[in-house]
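Dear colleague,

Please find below the structure that I am handing over to you. My findings follow directly after it.

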There are 2 protein chains.
Amino acid sequence: MEKNITTSEGGGDGQAASPQGQAAKHQSELDCSKCEARHRCLGEGLSEEQLLGLRKITRTLGPFQPGEAIFRVEGKFKSLFVIQSGAAKIETASFEGAKLVDGFFFRDDLVGLESIGAQQYGHDAIALERTLVCELPFNQLESLCSFVPRLQRKLLIILGQKIRYTNETIVHGRYVSGEKRLLFFLQMLCEKKIIKKNDNTGSVDLPMSKGDIASYLGLRPESLSRVLTKLQSDGIIRNHTKKIEFLDIKAILQQVCR
Amino acid sequence: MEKNITTSEGGGDGQAASPQGQAAKHQSELDCSKCEARHRCLGEGLSEEQLLGLRKITRTLGPFQPGEAIFRVEGKFKSLFVIQSGAAKIETASFEGAKLVDGFFFRDDLVGLESIGAQQYGHDAIALERTLVCELPFNQLESLCSFVPRLQRKLLIILGQKIRYTNETIVHGRYVSGEKRLLFFLQMLCEKKIIKKNDNTGSVDLPMSKGDIASYLGLRPESLSRVLTKLQSDGIIRNHTKKIEFLDIKAILQQVCR
DNA sequence: CGCTTAATTGACGCTTATCAACTGTGGTGG
DNA sequence: CCACCACAGTTGATAAGCGTCAATTAAGCG
């Protein structure tokens, strides 16, 4: 009604594109029809025809290299981004100027929801590894939502889930020890990232630094390090630079739930 | 498309209504056309005709007395509620069984956003004073959003704002002292509640208990009490049971911003 | 007017931050 | 290929902030 939702040429963005001009380089590699995320991302439950409408407004961007920005805090808010492959974080400067990590995003996750209704993005979105994203221009997505009730519902559900997740982890996390916050985080990582598990053991490759994890959990790097050391001496995990081994997954799940 | 948005008889809720059966008692008192919140709540920017559509799906509930539940954590998620007058809080039981206050709501605020996409409400919503609310059945609201793009946009914006507000207060609040968290909270109260201010002084009547404030700020009641005592001895506030006087509003604003 | 609960105050201890030193790691250039 | 550097990560010592426990005072309610 307010907007047409025809083309995907997008008209002059110039901020979300990779600095090296690599935007859409892998277009064919990951269009919606082949994307294995199409049943989990916004397109879940849509008919083929409706998926086509969604595909028309999207385009693939990337690959973004580790440390490269998908968008920056100064940029005008225009689009949401689905992580097709790879991982990203969002971070802001605190009052004192230190960088605070406000979220991690993995395959199928939507980045940019935090800025809906704002003029500008409120965070830097930084790729943590080689990352491909699917850009969803927000105005066009809104228009499409008006025509496709399932899509509107899905977007609202995702927003509600995000609010709940923050509440359960960060808000309620204020009342639990750093150790349990970490265990909760590791549990989440296990669900998100494919973890090679043999029997009761496994491991996760960490795309982010320990410092990022500490910031996200509301801890100092030193404190997180101490927690990791303790869990290792307890025989629950084995701590590496870019990887954490789980020696007793059941123990982790038990610790978290009480 | 999926639902009709005609009547407002709502078909058997039986959970949100006041126990005393006082639902809609003040219907005439606060229908949308007279409601002074109609330009600030979801109806902002809507034409008279569109407002009529919104009014058709809503009804006023209450008054809820202090301590009375607008909805409870077991209840099936069906509706959002706009606070027409009064105030409310949402709270959950933590792991240990203690009640945690996750939010306060004042005039024009939407309660229930936290449960969008869930089967059941995730909180108890409790009135803090004599409170009237406007019920928005969510399915009907969704349908209406499909027909009224401005309404869809408004709902999305409100969700985005809620995410940002939580991030700025709770998430970033983990890195600041209890004293500053309180000052930030008082500043917010000043903006929400009408504060009688003479020159550089003023006061807020607190609809919630000190214990509720402490919980919301992530503090123990004892710790909050100490902060209040300190601020009083610093000459910034005067602390009463149900009221806080501001002796130096500028000092509060200054303290918060660094 | 007595009861129940909220709020305050004090003493003490624990979790985590802070400061500092050291170690490991990855990247760069000779 | 190795030496060097920059920085992430770890470890230790210390302290600040807040939680916990206990006792007291104040406030709301029948």
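In this predicted model, 20 residue pairs are in polar contact across the interface of chain B and chain A, both residues of a pair having pLDDT 80 or more. On the side of chain B that touches chain A, four elements each supply at least two residues: β5 (99-105), α2 (138-147), α3 (149-173) and α5 of chain B. Of these, α3(B) gives the most, with 18 residues. Sorted by class, the residues on this side of chain B are 23 nonpolar, 14 polar and 10 charged.

The contact takes 47 residues from chain A and 47 residues from chain B. Between them, the two chains bury about 4300 Å², and 59% of that area is on carbon and sulfur atoms. The salt bridges between chain B and chain A number 2. In one of them, Glu142(A) pairs with Arg153(B), and their closest N and O atoms are 2.4 Å apart.

One residue of helix α3 of chain B deserves a separate word, namely His172(B). Is His172(B) buried or exposed? Its relative accessible area is 12%, which is under the 20% limit, so His172(B) counts as buried. The side chain of His172(B) makes a polar contact of 3.2 Å with the side chain of Asp102(A). Leaving aside residues up to four places away in sequence, His172(B) touches Thr92(A), Leu100(A), Asp102(A) and Asn167(B).

Which parts of DNA strand C lie within 4 Å of the protein? Of the atoms in that range, 67% belong to sugar or phosphate, and the rest belong to bases. The side chain of Ser223(A) has an N or O atom 2.4 Å from a phosphate oxygen, and Asn239(B) has a polar side-chain atom 2.7 Å from one. Arg220(A) places a backbone N or O atom 3.3 Å from a phosphate oxygen.

The surface near DNA strand C draws on both chains: α6 (221-233) of chain A, and α5 (210-217) and α6 (221-233) of chain B, each supply at least two residues. The largest share, 4 residues, comes from α6(B). By class, this surface has 9 polar, 6 charged and 1 nonpolar residues.

Chain A may also be considered on its own. Its secondary structure comes to 7 helices and 11 strands, and 53% of its 258 residues are buried. Among the contacts in chain A with a separation of 6 or more, 76% are between residues 24 or more positions apart.

Helix α5 of chain A (residues 210-217) is largely enclosed by the rest of the structure, because 6 of its 8 residues are buried. These buried residues are Asp212(A), Ile213(A), Ala214(A), Ser215(A), Tyr216(A) and Leu217(A). They pack against β4 (88-93), β5 (99-105), α3 (149-173), α4 (178-192) and α6 of chain A. After α5(A) comes Gly218(A), which has a positive phi, near 75 degrees.

Finally, I come to the salt bridges. Side chains of opposite charge can pair when their charged atoms come close. Over all chains, the whole structure holds 20 salt bridges. One of them joins Lys89(A) and Asp212(A), with the closest N and O atoms 3.0 Å apart. Because Lys89(A) lies in strand β4 and Asp212(A) in helix α5 of chain A, this pair ties together parts that are 123 residues apart in sequence. Both Lys89(A) and Asp212(A) are buried.

In chain B, Lys192(B) forms a salt bridge with Asp109(B), the closest N and O atoms being separated by 2.8 Å. Lys192(B) is in helix α4 and Asp109(B) is in the loop between β5 and β6 of chain B, so the pair ties together parts 83 residues apart in sequence. Here Lys192(B) is partly exposed, with a relative accessible area of 39%, whereas Asp109(B) is buried, with a value of 15%.

With kind regards

Note on methods:
Residues numbered from 1 in each chain as written. Chains lettered and ligands numbered in written order. Predicted model: local features only at pLDDT ≥ 70, side-chain atom pairs only at ≥ 80, totals over all residues. Heavy atoms only, no water. Near = heavy atom within 4 Å. Polar contact = N/O pair within 3.5 Å; in protein donor to acceptor, adjacent residues only side chain to side chain. Nonpolar A, V, L, I, M, F, W, Y, C, P; charged D, E, K, R; others polar. Contact = heavy atoms within 4.5 Å. Buried area = accessible area lost by both parts, 1.4 Å probe. Salt bridge = Lys/Arg side-chain N within 4 Å of Asp/Glu carboxyl O. Buried < 20%, exposed > 50% of the residue type's maximum accessible area, 1.4 Å probe, protein only.
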